[in-house]
Protein chains: 2
Amino acid sequence: MSGSTGEGQVIEVLSIGDELLDGLVQEANGLFLAETLARRGLSVSRHTLVRDDAPDIVAALRGVRSRGASACVVSGGLGPTDDDRTAAAAATAFGVEIVRRSDWVEHLESRYAARGRTLRENNRKQADLPDGAQLLWNDLGTAPGFRFSVDHCDYYFLPGVPREYRPMCRDAVVPALVDRAPAPTVTAAVIRTFGLPESEVDQRLAGVSEETGAWMGFRASFPEVHVRLRGAPREVLKASSIVRQRLAPAVYGEGDDTFPGAVVAALRSARSTLAVAESCTGGLVGKLLTDAPGASAAFLGGALVYSNELKTRFAGVPKPLLEEHGAVSEPVAKSLATGIQGRTDATYGLGITGVAGPGGGGEDKPVGLVWLAVAGPEGVKSRRIQFPGDRAQIRRLSAFAGLEMVRRRVA
Amino acid sequence: MSGSTGEGQVIEVLSIGDELLDGLVQEANGLFLAETLARRGLSVSRHTLVRDDAPDIVAALRGVRSRGASACVVSGGLGPTDDDRTAAAAATAFGVEIVRRSDWVEHLESRYAARGRTLRENNRKQADLPDGAQLLWNDLGTAPGFRFSVDHCDYYFLPGVPREYRPMCRDAVVPALVDRAPAPTVTAAVIRTFGLPESEVDQRLAGVSEETGAWMGFRASFPEVHVRLRGAPREVLKASSIVRQRLAPAVYGEGDDTFPGAVVAALRSARSTLAVAESCTGGLVGKLLTDAPGASAAFLGGALVYSNELKTRFAGVPKPLLEEHGAVSEPVAKSLATGIQGRTDATYGLGITGVAGPGGGGEDKPVGLVWLAVAGPEGVKSRRIQFPGDRAQIRRLSAFAGLEMVRRRVA
């Protein structure tokens with residue numbers, strides 16, 4: 001049965017929360033866990049989403065038990081409010097009492113005291129766990145996770161907030177599931193690309209699976225395309241090298257690499273620095289570059305030149321240039337790039353100006369038209385791109401395309 | 001039970017596909033349906049994801065039946081390949097035979113003939129439906145959908161490809177579900193806040209549900225907390241006014257309002273402009289303000305002063321000030337705010353400098369320490385905040401807290 005993992009482990013996922021079933025929030029924890037497990041040769045057999053409703057949660061937990069799962073990873077409903085009902089429902093489903101864990105209450109008290117705040121009763125409620133549960137520490141929030149084992153099945157209950165869920169999942173859940181499973185005979189790899197549409201990637205990689213024996217799939221993570229490989233280590237290695245060959249230079253990294261991280265790494269290894277002058281992206285390029293720590297070694301900063309006035313003041317774009325060609329034009333993009341480079345003494349200056357929409361487009365300069373320019377030691381180069389999509393997509397594509405010009409220039 | 005819609009309809013969603021449980025593809029059909037239904041006052045009670053495995057699919061369909069659902073919308077597993085097993089599993093679950101639908105075979109034949117291609121046997125397989133099913137036309141693909149009714153429950157089977165699923169869902173499923181439901185007598189509202197932790201919101205609103213009769217729930221959308229209300233229009237109106245009273249001034253909007261949008265709106269209605277000097281946020285404030293169109297009327301731009309050098313060049317922070325107090329200090333935050341205000345002629349200047357981590361923290365200036373300052377017509381005010389969390393949280397909290405200082409100053 002494909003529902004079970006290689007050696008008989010059956011792993012289920014249960015996500016709890018009204019917001020997940022009202023279309024307000026895209027459930028992301030199940031996908032994260034499935035991806036993480038897949039890299040270790042394990043797979044999820046079923047994923048259930050239910051509302052913050054005690055009878056629904058109890059029924060879902062009983063369903064997991066009735067299907068003979070060996071592990072179930074639950075998230076959500078551990079918060080301080082009235083509609084957080086997971087721990088109580090778990091106690092009902094397992095037929096045990098709820099007990100208040102004094103170790104967690106003390107932890108919360110000292111944490112609150114350190115900030116000069118007093119613990120409220122609804123925060124104490126978060127220390128209420130089913131009797132016999134093992135507490136799972138949560139460094140990032142006020143709700144602990146917990147583990148409960150019954151009928152040869154380990155249930156892991158984690159907070160639903162992804163930023164608390166992910167480290168706890170990685171530290172307390174995945175290693176235990178991997179330990180329980182026999183050594184995997186399959187391995188997996190992800191190769192990350194930017195700049196080719198998914199259909200082109202698909203076409204260029206036709207036959208790779210047949211040639212190598214590795215399973216191959218694509219995942220679009222806008223605006224990137226990731227190629228995923230799985231199989232015996234030898235198959236994956238062979239496929240990986242073919243994929244890199246056929247897609248280069250669009251391949252920027254693999255595994256957990258990020259695109260902005262790859263740009264920073266390229267700059268650092270070339271001992272170069274970058275400054276930006278952003279118009280239509282409004283700060284997005286800077287935000288992407290500084291999402292990860294370590295950017296400061298290569299990224300100096302720059303200017304948000306949303307208004308024409310600031311294009312002149314901060315990047316030295318001559319007023320007549322703006323008047324003659326308009327803000328979205330090749331001369332202005334070049335002037336932004338050279339201006340910001342000169343005023344910051346950066347090795348490279350990146351200028352971006354475009355029509356992100358939805359308004360503001362005209363016959364000559366439709367929505368999605370973007371001019372990019374990079375100034376460097378060898379002079380300034382520019383590029384005109386007409387992007388498809390809505391405002392958010394156009395801005396994101398502009399930021400990525402600008403950074404890609406820098407990456408290829410540096411590499 | 002919160003799992004049912006207002007008037008007794010119980011709608012479940014079932015998604016079928018190995019790729020959904022291997023972390024390769026984010027399930028999107030369930031979210032699309034939930035969003036579409038929520039806008040019409042209907043809600044989904046449970047969403048189940050299972051693999052392309054006949055016994056798993058049969059078990060899932062029987063589970064839906066056992067819970068007394070009135071409708072179930074299934075997607076995936078209708079393709080031409082061997083691992084598409086949904087129609088056969090449905091026939092097993094409903095205890096009927098499979099029959100080949102000649103109307104669909106003829107449609108496929110003429111479609112293929114028109115393109116000069118010949119129909120393959122595995123495409124014919126897509127015309128195999130459970131006996132008694134009503135065929136649902138698919139204009140965009142080779143697999144039809146189908147509807148099967150048993151035990152007062154309508155099952156809708158649709159292709160998993162979102163491009164085919166969405167129009168079929170919109171045309172054939174949603175209208176039928178809406179017709180079946182009585183006219184909604186409930187209304188919903190969302191009140192959006194920033195600045196209070198969820199536990200504090202919960203405490204301040206204790207008893208509102210009992211006082212008004214409206215259902216109330218919270219959603220943390222980091223770093224915001226949204227209060228959700230549902231009930232008869234009169235109940236929701238009453239609850240809404242109490243919520244606004246008890247949480248003001250943390251309430252910045254309602255419905256689809258966004259926090260940066262509220263800041264821009266406040267600036268516009270005060271005919272004021274804003275410029276920013278961002279250090280640790282690296283462009284995030286500008287990005288947030290320009291996510292929505294229309295920011296240019298109030299947001300001029302500013303400077304990304306990631307390096308100390310640029311703090312001096314773009315915001316005029318005196319070098320001795322940086323040397324004496326360090327970049328993360330009250331004098332530097334104030335100097336950033338007044339400097340950027342002066343150099344851009346904006347009504348308000350916002351300066352942000354802090355330690356976003358994970359490295360770079362010290363005894364005096366731990367990770368999470370952020371200085372914010374706003375310079376305006378009435379002078380410059382500053383705030384020191386020690387934020388909890390990781391780098392992404394600290395940056396997001398810093399950006400929001402800075403914008404909140406501006407919003408309250410302007411309002």
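1. Let me start with the contacts inside one chain. In chain A, residues 24 or more positions apart account for 65% of the contacts with a separation of 6 or more; a contact here means that the C-beta atoms of two residues, placed from the backbone, lie within 7 Å.

2. A word on conventions and confidence. This is a predicted model, in which local features need pLDDT of at least 70 and side-chain atom pairs count only at pLDDT 80 or more, while totals for chains, interfaces and linings use all residues. Residues are numbered from 1 along each chain as its sequence is written, and chains are lettered from A and ligands numbered from 1 in the order in which they are written. The pLDDT, which is the predictor's confidence in each residue from 0 to 100, averages 91 in chain A, with 97% of the residues scoring at least 70. Please treat residues 1–7 of chain A separately: their pLDDT stays under 50, and the model has 22 contacts for them beyond four places in sequence. The ipTM and the pTM are both given as 0.71.

3. Now the overall layout. Chain A holds 16 helices and 17 strands, taken as DSSP runs (H or I of at least four residues for helices, E of at least two for strands) and numbered from the N terminus. Its three domains are domain 1 (11–180), domain 2 (187–256) and domain 3 (260–410), with bounds from an automatic or database domain assignment. Between domain 1 and domain 2 of chain A, the C-alpha centres are 35 Å apart. Along the principal axes, the C-alpha atoms of chain A fill a box of roughly 80 × 60 × 40 Å.

4. Where do the two chains meet? In total, 69 residues of chain A are in contact with 66 residues of chain B. Strand β2 (residues 44–50) of chain A supplies the largest share of the chain A side, 7 residues. β2(A) also pairs with β2 of chain B in the antiparallel sense over 5 bridges, where pairing requires at least two DSSP bridges between the strands. Within this pair, A:Arg46 stands opposite B:Val50.

5. The 10-stranded sheet deserves a look. This open sheet has mixed pairing and runs in the order β17(A)-β16(A)-β15(A)-β13(A)-β14(A)-β14(B)-β13(B)-β15(B)-β16(B)-β17(B). Its edge strands are β17 (379–386) of chain A and β17 (379–386) of chain B, each pairing on one side only. From one strand to the next, the twist averages 15 degrees, with axes fitted as lines to C-alpha atoms (for helices over the stretch in contact) and angles from 0 to 180 degrees between N-to-C directions. β16 (residues 369–376) of chain A and β17(A) run antiparallel and are joined by 8 bridges; A:Trp371 has A:Arg384 as its bridge partner.

6. Two helices pack here. Helix α16 (residues 391–410) of chain A lies across β13, β15, β16 and β17 of chain A, at about 25 degrees to β16(A). Helix α13 (residues 308–315) of chain A touches β13 and β14 of chain A together with β14 of chain B.

7. Finally, is B:Leu403 buried or exposed? This residue of helix α16 of chain B is buried because 27 other C-beta atoms lie within 10 Å; the cut-offs are 20 or more for buried, 12 or fewer for exposed and partly exposed in between, with C-beta atoms placed from the backbone. B:Leu403 touches B:Phe259, B:Pro260, B:Val263 and B:Val285, leaving aside residues up to four places away in sequence.
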